[in-house]
Amino acid sequence: MSPSPPLRVVRDVFLHRSLVVRYVLLPAATLAVLWTLVQLYEPEYSRFRPQRLGFDWEDPFHGPPSHNVPLYPPPPAPSEEPVVAPLPEPAAAPEAPLPLPTPSPPVFTPPSIITSGNLLWTHAAQAVRDAFLHAYHGYEKYAAPHDELLPLTNMSIDSFNGWGVSIYDSLDTMLLMNLTEEFDRAMVTVAQANFSLPTNQFAPFFETTIRYLGGMLSAYALSNNPILLVKADELATKLSPIFATGSGLPFFEVQTDTGAPQLRDVGYLAEVGSCQPEYTYLAKATGKKEHFEKADNIMKVLARANTTDFGGMLPTLWNLGTGRPLDSTLSLGGLGDSGHEYLLKQYLLSGKSDTEALRMYLRATTHIITRMLYLSPNRHMLFPSSTSGIPPHDFPSHTVEHLACFLPGLFALGVQTLPLDDLGSVGIDFVSLGAHLSDAAHGQYHRLARYNLSLVHQWAAEGMAETCATLYADQPSGLGPEEVSILGKPVRWLDELDQWHALGQHGSPPGTAPLAPVSASATWDKRDYSIGRFEYELRPETIESMYMLWRMSGNERWREHGLRMFVAIERETKTAAGYSTVWSVGVSPASRKDSMPSFFLAETLKYLYLLFTDEELLPLDKWVFNTEAHPLPVFHWNEAEKAAFNIVA
């Protein structure tokens, strides 16, 4: 009797040797090898409890930090030569990328029930310091002297000129954390730098200024090491042909050896209006008038621009030849963010002497409050929206970028440092600021004048910060998405605030109450938004705002938000060599991207460290952070400098 069809197939396979090898032996051997590798592989770190944390996240109250170091280092003497500490021999890179370990489920005690606060924050600050060491040592071993680490493949990438941007972005973080050996090794690279580029390569001015120039100037201010000032002056001089436009607003990029700029007729606000603090402080430190003139001219061009149609706020696109705005888009996220940020910071940095910068900031924030802040329909999430068109026919995008989450921190900084309820003390009449605007825009100043202005700014800061934190808490990963779109029919915040005020101001102001997280599986009307871009790029903006809100209010709520974010970063992004960006915040464990931007070292970890440190290492009335979180010291012009630079007080 002939065998059944299935048995016939088996018989035919074993009668032919090649079929036996192909369909039996090879698959069996492959499975055996894979099983052996899986059994042998034990990860060198835990994604939730990394070796360097120094304390147990399950019980953060017991046991001292792994080691006790001063939180703020004494600056070295100016004449002291850096002592170069040898870098430990790097571990050999694996021949092939290791498989990622299966993540442990999160074990976290909600901060709302924590009572041993001081001990918790001491441990948390130590954990952030250890996280920085883990990331920076990984960069040193596998990527230096290139720009950034690729944390999955243990390789490098040159993203910004190839001069080692992660080194420059990390200098002041090392000083704040008292990492003297790492700082001394970094100074070798800085001392040898010549800031040259291949003839066909150009340096992007905005990124080079905020990362390299800002990093060196901040480290100089903290350490008094003269090499840093010499190199900062050298870099700024090489970049100076970038200002050779009709208006003096900078081109996008320049060849640092030939001085040839990449000719382009237009520029975005964040690119052309984000170098003033760096160049102004460089002028103060070096005494060189040419650096001051470049920054001062940008402020004058922005101040002269006709922004009457936009409530005095600066549009996004600018003509570099004429210095005039070209569009009607007002952006609080990418392309515009730091242009608005630097209005306040330029005023503060110069010892509150640049009153025109203050006027521009007040006009911008007034327009934001009256035209660009909205409440979502169900959860009443307070959010900033970019707009297009000329008021009153402007259209909000109702899109919230992660980049825009710097805004609550900016408002909080203004509340702490400005006499918002006594502007007459600095020679400003609030209502008169809008006198040259349209009747409708000027009417908004009268509308706000009924309120305590500092409280309105504080409420705006608190509401936006709570929304930005909630966009983290809502996600399975605990990380914030790159962009969301608010759904339904949002309403303007000021309209709701007026109604709350008219009805007797019962309860919290609209949009400022704490928000409960909502599951990712909930319908859109429960969440009030859809995610447009799921990536998490290790960005600092929300954590920056948590720090500023904490310093403004002293409310532990903001530190607790920050702690949850840090735990999520540890759990979802830590690799054997550093930390990675992720593809989607909507799943846990998150799928990782092979990228660790230098701003993670410069901003994200620095703001976390400052948030968890009880001592105010950088008092906000004495230091001003540039948009890459590099602190610059507040200063005052002396009479000789005013005369040399033609500064009219």
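Glu356 and Arg359 join their side chains in a salt bridge, with 3.5 Å from N to O; the term stands for a side-chain nitrogen of Lys or Arg within 4 Å of a carboxyl oxygen of Asp or Glu. This is a predicted model, where local features need pLDDT of at least 70 and side-chain atom pairs count only at pLDDT 80 or more, while totals for chains, interfaces and linings use all residues. Residues are numbered from 1 along each chain as its sequence is written, and side-chain values use heavy atoms, with hydrogens and water left out.

**The Glu356–Arg359 pair**

- Both residues sit in helix α12 (residues 355–372), three residues apart, or about one turn of the helix; helices (H or I, at least four residues) and strands (E, at least two) are DSSP runs numbered from the N terminus.
- Glu356 counts as partly exposed because its relative accessibility is 30%, given that buried means under 20% relative accessible area, exposed over 50%, and partly exposed in between (1.4 Å probe, protein chains only).
- Arg359, at 24% relative accessibility, therefore also counts as partly exposed.

**Other salt bridges**

- Across the whole structure, a search finds 31 salt bridges.
- Side chains of opposite charge can pair when their charged atoms come close.
- Lys574 and Glu570 form one of these bridges, at 3.6 Å from N to O, and both Lys574 and Glu570 are buried.
- Glu572 and Arg571 meet in another salt bridge, at 2.9 Å from N to O; here too, Glu572 and Arg571 are both buried.

**Cavities**

- The count comes to three cavities of 30 Å³ or more, where a cavity is a set of points, on a 1 Å grid over the protein atoms alone, at which a 1.4 Å probe fits but cannot get out.
- The largest cavity has a volume of about 60 Å³, a volume being the space filled by probe spheres set on the points, with grid points joined across faces, edges and corners.
- Its lining has 13 residues, and His402, Cys405, Cys468, Leu471 and Pro481 are the closest to its centre; lining residues have an atom within 4 Å of a point.
- At least two lining residues of the largest cavity come from each of β12 (399–401), α15 (453–473) and β13 (483–486), and α15 gives the most, with three residues.
- By type, the lining of the largest cavity divides into seven nonpolar, three polar and three charged residues; Ala, Val, Leu, Ile, Met, Phe, Trp, Tyr, Cys and Pro count as nonpolar, Asp, Glu, Lys and Arg as charged, and the others, Gly among them, as polar.

How values were computed. On a 1 Å grid over the protein atoms alone, a cavity is a set of points where a 1.4 Å probe fits but cannot get out, and a pocket is an open set with protein on both sides within 12 Å along at least five of seven lines; lining residues have an atom within 4 Å of a point.
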